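Hi there,

Here is the structure I promised to pass on.

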Amino acid sequence: KVLTMTKGDIGIIAPAHGAVIRGNAVRRIIDLYREFALKTPVGKKIVVAYSSMYGFVDSIMNHIINTLNDWRFSVNVYKFTDKERVGIGDLIGDANNALGIVLGISTYDTEPFPLMDYVINLLIKKLRGGKPILLITDYGWGDVIPKHIRTRLEKAGFTVIDAISVNGIPTKEDINKIDTALQSFKVIITQ
C-alpha cells in the first residue's frame, strides 16, 4: 500500500528499531523486502535440510545433494546431526526464496527427530506454504511419520512432491525410488 500511495518515491526508511536507511540503499531494501514477502526464487537455489542420528539419512541426503549438484542447482545444505547443528534462522531465510525444499527426517521414538519437527513447525509458521517439498524419512521400528508430516505440510499449503520412507540403510530399490522422486521434483521446480 505504501509503495502504491507514494508511487515508489521513498527517500528514507525509519524503522521503530534498527538502522535508518537513506539514499540509494532505500530502493535495494524495498526490492529485498519484496523478494522476501513474495517468496521470489533466487537463481536455482534448493534448500536441503535433514537430521541424521546414525548416518543413514546422511548417506541418502549425500546422494540427493550430489544429484542436484549434477543438475546444476545451487544446493544450500542444513544438517542436524550428532556432529553438526546449523542456524535455523539461516535455513528459514534461504527456504523462503528457494525453488524447492528437500527434507530428510530421521525417526526418534516413532516421531520426527525433535529438531526437524521444530524446523517443520517453523517452515509452516514462517513460509505458510507455497513451496514444493520432497520428503525423505528413515525409520528402524515403524514407518509412522511420513503420512503425519505430509498431512501437516500440505494442510499448510506446501506441495509435497513425494514422501519416501527408508528402513535403515538404503537399498538399491530405495535409491531408485528416490531418483524417480527427484526427477518429479526437478520437473515441478523447473516449470
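I counted 5 salt bridges in this predicted model, taking a salt bridge as a side-chain nitrogen of Lys or Arg within 4 Å of a carboxyl oxygen of Asp or Glu. A word on the ground rules: residues are numbered from 1 along each chain as its sequence is written. Local features need pLDDT of at least 70 and side-chain atom pairs pLDDT 80 or more, while totals for chains, interfaces and linings use all residues, and side-chain values use heavy atoms, leaving out hydrogens and water.

One of the bridges joins D94 to K45, with the closest N and O atoms 3.1 Å apart. D94 sits in helix α4 (residues 88–96) and K45 in strand β3 (residues 45–52), so this pair ties together parts 49 residues apart in sequence. Helices (H or I, at least four residues) and strands (E, at least two) are DSSP runs, numbered from the N terminus. D94 and K45 are both buried, where buried means under 20% relative accessible area, exposed over 50% and partly exposed in between (1.4 Å probe, protein chains only).

Another bridge links E154 and R150, at 3.1 Å from N to O. Both residues belong to helix α6 (residues 145–155), 4 residues apart, or about one turn of the helix. E154 is partly exposed at 38% relative accessible area, and R150 is partly exposed at 26%.

K79 also pairs with E84, their closest N and O atoms being 3.9 Å apart. Here K79 is partly exposed at 24% relative accessible area, and E84 is partly exposed at 34%.

Best wishes
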